[in-house]
Amino acid sequence: MLFSRRLMLGLAMAGTMAGALAVPAMAEGPTEIDLFFPVPVDGKLARDMGTLIKEFNDGHPDIKATAVYTGSYDDTLIKTRAAIKAGKPPAAVIMSANFLLDMQIENELTNLDNLIAADGGSKEKFLGQFFPALQGNAVINRSVYGVPFHNSTPLLYINADKAKEAGLDPNKPPQTWAELTDWAKKLTKREGDKVTQWGIAIPCAYDYCGWMMETLTMSNGGRYYNEEFGGEVYYDTPSMLGALTWWNDLVHKHKVHAPGATPGPAVSTSFISGNAAMMMLSTGSLTYVRDNAKFNYKVAFIPRNVRNAVPIGGASLIIPAGLEADKQKAAWTLIKWMTSPEKSAWWSRATGYFAPNMAAYKTPDMIDFLNKNPDAKTAVEQLDVAKPWFATYKTVPVRKNLEDEVMLVLNGKKQPKEALVAAQKAADETLKPYNAETSLRLP
Amino acid sequence: MTFIDRLLKNAPLATRREITPKLGFALTVLLALVWLIPFLWMGVATLRPASDGINLMAELMPSLRPTLDNVRDAWEIGDFPRYFINTTIICSGILLVQFVTITLAGFAFARLDFAGKTPIFYLFLMQLMLVPVLLIVPNLRIVAQFGLYDTLTGVMMPFFASAFGTFLMRQAFEAIPTELEDAALIDGASLLQRIRHIYVPLSLPSFSAFAIISVTSHWNDFLWPLMVINSPDKRPLTVGLSVFTATAEGTQAWGTIAAGTLMVIAPLLITFLIFQKRFISSFVTSGIK
């Protein structure tokens, strides 16, 4: 019975292991809370997040926060939802700012109004700390559900050396789509049929693609979705058709943009390597570009076709629903600490995201930093024309309905019009249950 | 042609002068080279100093000044020894329990008679059609109810029973002649003794084929451990590695990523190189190709 004996031994070992691992951390003393965070930047910043949380714990002996890495923005949403449904909600999450509406519809968020009131402040005063453009994604039905933590806008990055080489003035960056197309043509280099340098690169991977489509649509005068109501998206509209047609033309007509759907990291890599002379990318990549570019670069506003407008991006801090009161309180303390002017300024310098707290720009370190790195100002200046990030019922599937079709267009498998019709149809289907319960539920 | 000729040295005499086997070998060598490129790149990128910049990153040519800085960075960012231990515990724990469950279940479906055997077997197989993502919330709820949220046991639990393994063992057991079992029965062997002394030894190739599939798939699993584990010290390799590979709006440090990836796959790769022959033969004999 050698097998059985081994088996029993194995089982006994597995059992001991399970026992040892399953012992819950029962301890008197500090309130233990988890902070879920996606890593929007490279691994060194995951380490910085550890530093940040350690500093918080050292200053707050009654709270013990643990930073839990949770993958991409999309993965973080899945993990948070699964944890809430399993009865183990984390105390706080750095959540993609456009997921808040969907989570609020599903009753997964704690309304922060009471916590703000308990501190003796008013909602208006609390929100007044942050740039006005960010409030659209934090406030739902006049209640506060999120606290902006790190935010972004898309930017146009230009390789200034290559621009000069091509006879263009990098100090007068393109301001309209026509000028941008012209620049891209002049910056594309060919050897026979082979392109050795692309004029422009725009990322299109899940998450990024939807954001870039919103960017282009907005600068084409349009809207991606109904900002007042989570049941409508405007995919099959002239403004979005114009945006996608222009993108498609860059790829297939002017041939100044590499074909296919390029992920964000590939775009920044090809910009840094000189393979692409311009790129549209988040300000979240600015620190990376600053550290790695071996050439002079410029950042500029996203050019317009009809108007100057961009969506915000980035993430807010939220408290999931269903937490015990003491954990909720501890999470609130953590959130206030992390979004304070000093901390959000520090995080902004480390990442390239801008600090949502306006007072962050009045801290001495930040003033010093901006004097040395004036390029970090562009995203903040662009906030004047920034609007909320698309947020609907079931944001991720509705976004993917569009992204799948846009990828087909960039791959040359569909024409813009037929792609947008298909995307609209798919999105309407995804939104149907919500509309049946809201706008189509008639008295 | 000399290289191919050398490879063909051991080929049967009759085929040595034919063109087809030579073409076959040539194609194999070509495919092997293509397959090797990412590994070569990973090795080169790992040793390339960061000061070479991103411009040279795509090149396969090794740097003249190789450095271990990337390895050190990756090692410092992630607690790799801890991740290794966790992944090993997860993979071996799952496999141990699976061996018991698939042997017993496979035997029941192959040799025992009970009411509703066929429908139950098909129900079992239906599990293979479900996308794992679909089961995340129900599984996590059960894991949390058992008090196993944020434990390694919680990561292992949903995989203790395996539809694929049961199917594989059922096929293997059915191929074994019943006469062998009858003989053991006459000698007075109990049910478990018959399984232990007849079925298990004769199905070893299937067991090792299953072990390979089970270990590699759980070694590489990312989403489920990400869902269950919160504590940084319980992260498996995949989750630990992704701390510096997954990015949303930012960018990536390729050298560090290459070094980290190398550390993650090294144990599997080394195991494969050592047991190469046995791996391949177990797949051939179990009919999986």
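Two strands count as paired if DSSP finds at least two bridges between them. In this predicted model, strand β1 (residues 31-37) of chain A meets that criterion with β2(A), the two running in the parallel sense over 7 bridges.

**Sheet and covering helix**

- In chain A, 5 strands make up an open sheet of mixed pairing, in the order β2-β1-β3-β13-β6.
- Its edges are formed by β2 (63-69) and β6 (147-152) of chain A, each of which pairs on one side only.
- From one strand to the next, the twist averages 20 degrees.
- Within the parallel pair of β1(A) and β2(A), A:Phe37 has A:Tyr69 of β2(A) as its bridge partner.
- Helix α14 (residues 325-338) of chain A lies across β1, β2, β3 (92-96), β6 and β13 (313-318) of chain A. The direction of α14(A) is at about 55 degrees to β1(A).

**Nonpolar cores**

- The largest nonpolar core has 88 residues, and the members that touch the most others are A:Trp247 and A:Met280.
- Helix α11 (residues 238-253) of chain A supplies the largest share of this core, with 7 residues.
- Neighbours within four places in sequence aside, the contacts of A:Met280 include A:Leu155, A:Leu156, A:Leu180, A:Ile200, A:Ala201 and A:Ile202. A:Met280 is also in contact with A:Met212, A:Leu216, A:Trp246 and A:Ile302, as well as with the prolines A:Pro203 and A:Pro303.

**Helix packing**

- Helix α10 (residues 208-219) and helix α18 (residues 395-410), both of chain A, pack with their axes 9 Å apart and at an angle of about 85 degrees.
- Angles of 65 to 115 degrees count as roughly perpendicular, and α10(A) and α18(A) are therefore described in that way.
- On the α10(A) side, the contact is made by A:Tyr208, A:Cys209, A:Gly210 and A:Met213. The α18(A) side contributes A:Arg399, A:Leu402, A:Glu403 and A:Val406.

**Surroundings of A:Arg290**

- A:Arg290 belongs to helix α13 (residues 286-292) of chain A.
- The side chains of A:Arg290 and A:Asp375 are joined by a polar contact of 3.3 Å.
- Apart from neighbours within four places in sequence, A:Arg290 is in contact with A:Tyr297, A:Phe369, A:Asn373, A:Asp375 and A:Ala376.

Methods. Residues are numbered from 1 along each chain as its sequence is written. Chains are lettered from A and ligands numbered from 1 in the order in which they are written. This is a predicted model: local features need pLDDT of at least 70, side-chain atom pairs count only at pLDDT 80 or more; totals for chains, interfaces and linings use all residues. Side-chain values use heavy atoms; hydrogens and water are left out. Helices (H or I, at least four residues) and strands (E, at least two) are DSSP runs, numbered from the N terminus. A polar contact is a pair of N or O atoms within 3.5 Å; within protein, one must be able to donate a hydrogen and the other to accept it, and residues adjacent in sequence count only if both atoms are side-chain atoms. Contact means heavy atoms within 4.5 Å. Axes are lines fitted to C-alpha atoms, for helices over the stretch in contact, and angles run from 0 to 180 degrees between N-to-C directions. A nonpolar core is a set of buried Ala, Val, Leu, Ile, Met, Phe, Trp, Tyr and Cys residues joined through side-chain atoms within 4.5 Å. Buried means under 20% relative accessible area, exposed over 50%, partly exposed in between (1.4 Å probe, protein chains only). Angles under 35 degrees count as roughly parallel, over 145 as roughly antiparallel, 65 to 115 as roughly perpendicular and the rest as oblique.
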